[in-house]
Amino acid sequence: MSVFQFKKFAVVNDRSAMKVNTDGVLLGALATVRAGDRSYLDIGTGTGTIGLMLAQRRAEACADEGWKVLAIDIDEESAEEAAANFGSSPWRAHLEALRLPLEELREGTYDLIVSNPPYFDESLKNPLERKSTARHTASLSYREILEFSSRHLAPEGRVAMVLPREVEKDLLRYGRMCGLGLVRLTRVRTVPRKEPKRIIAEFIPGRVEGAEVNELVIQNGGSYTEDYLQLMHDFYLFA
């Protein structure tokens with residue numbers, strides 16, 4: 001059994017089409033979590049890691065009981081593994097994982113929607129169908145997530161995604177088309193000398209003037225940067 005151990009929870013990492021990965025963990029740490037949030041939605045949850053991180057942060061922000069994280073995935077084994085990981089966590093009462101495509105989720109509003117969506121539009125598809133579905137926008141795109149969010153965010157809600165740097169302009173333009181304004185953008189470099197490979201973008205309903213723009217470097221000189229270690233302090237054992 002493959003188990004990824006975090007400080008306050010463990011993630012069994014065997015059956016999900018997509019494993020624990022840096023992109024998802026960055027999103028789980030950077031998305032805005034507020035003490036008054038009542039409902040969270042994790043789209044394409046995989047192992048459930050992001051949902052677990054949101055649950056930990058929400059529980060630490062406020063000790064009330066009236067909140068929930070719903071995690072969905074179209075892959076049955078991923079949804080089942082996420083449900084098992086939720087069930088063994090300290091926040092099991094607040095977590096639910098379902099095998100459900102986004103288009104079938106027609107009800108409800110959310111304070112925070114998150115997704116580490118597939119994004120390899122033009123790349124050669126993996127011959128393993130489950131992994132291909134998890135990685136390619138034939139099954140889900142950031143456009144669908146933005147469209148869904150425009151209808152299902154609470155008035156003060158947010159939607160946050162992690163995506164390749166190359167889609168930044170198209171993402172921001174489509175967000176505006178959906179009536180969503182960018183409030184925070186983090187560009188992620190693996191090392192200082194390389195261009196950013198990922199972005200983590202967060203939107204809210206309405207028009208926004210002057211988004212917060214940051215940059216995060218993961219490693220420098222073969223070691224993790226202080227910024228990265230500080231971000232991961234509550235989650236990774238080594239941080």
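This is a predicted model: local features need pLDDT of at least 70, side-chain atom pairs count only at pLDDT 80 or more; totals for chains, interfaces and linings use all residues.
Residues are numbered from 1 along each chain as its sequence is written, and side-chain values use heavy atoms, with hydrogens and water left out. Local features need pLDDT of at least 70 and side-chain atom pairs count only at pLDDT 80 or more, while totals for chains, interfaces and linings use all residues.

**Confidence**

Colour the chain by pLDDT, the predictor's confidence in each residue, from 0 to 100. The average for the protein chain is 92, and 91% of the residues score at least 70. Now select residues 120-138, where the pLDDT is below 50. Beyond near neighbours in sequence, this stretch has 31 contacts in the model (contact means heavy atoms within 4.5 Å).

**Two helices**

Helices (H or I, at least four residues) and strands (E, at least two) are DSSP runs, numbered from the N terminus. Select helix 2, residues 49-61. Its 13 residues should span 18 Å at 1.5 Å a residue, and the end C-alpha atoms are 18 Å apart, which agrees; the expected span is 1.5 Å times one less than the number of residues. Among its buried residues are Thr-49, Ile-50 and Arg-58. Buried means under 20% relative accessible area, exposed over 50%, and partly exposed in between (1.4 Å probe, protein chains only).

Move to helix 3, residues 76-87. Its buried residues are Ser-78, Ala-79, Glu-81, Ala-82, Asn-85 and Phe-86. They cover an arc of only 165° around the axis, which puts them on the same side of helix 3; the arc is that of the directions from the helix axis to the C-beta atoms.

**A loop glycine**

Select Gly-179, in the loop between helix 6 (168-177) and strand 8 (180-189). Gly-179 is partly exposed, at 39% relative accessibility. Leaving aside neighbours within four places in sequence, Gly-179 is in contact with Ile-204, Pro-205 and Gly-206.

**Aromatic rings**

The structure holds ten aromatic pairs. Rings of Phe, Tyr and Trp (its six-membered ring) pair if their centres lie within 6.5 Å; planes under 30 degrees apart count as stacked, over 60 as edge-to-face and the rest as tilted. Select Tyr-224 and Phe-238, a stacked pair with 4.9 Å centre to centre and 10° between the planes. Tyr-224 lies in strand 12 (residues 223-224) and Phe-238 in the segment after helix 7 (226-231), so the pair ties together parts 14 residues apart in sequence. Tyr-236 is buried, with a relative accessible area of 7%.
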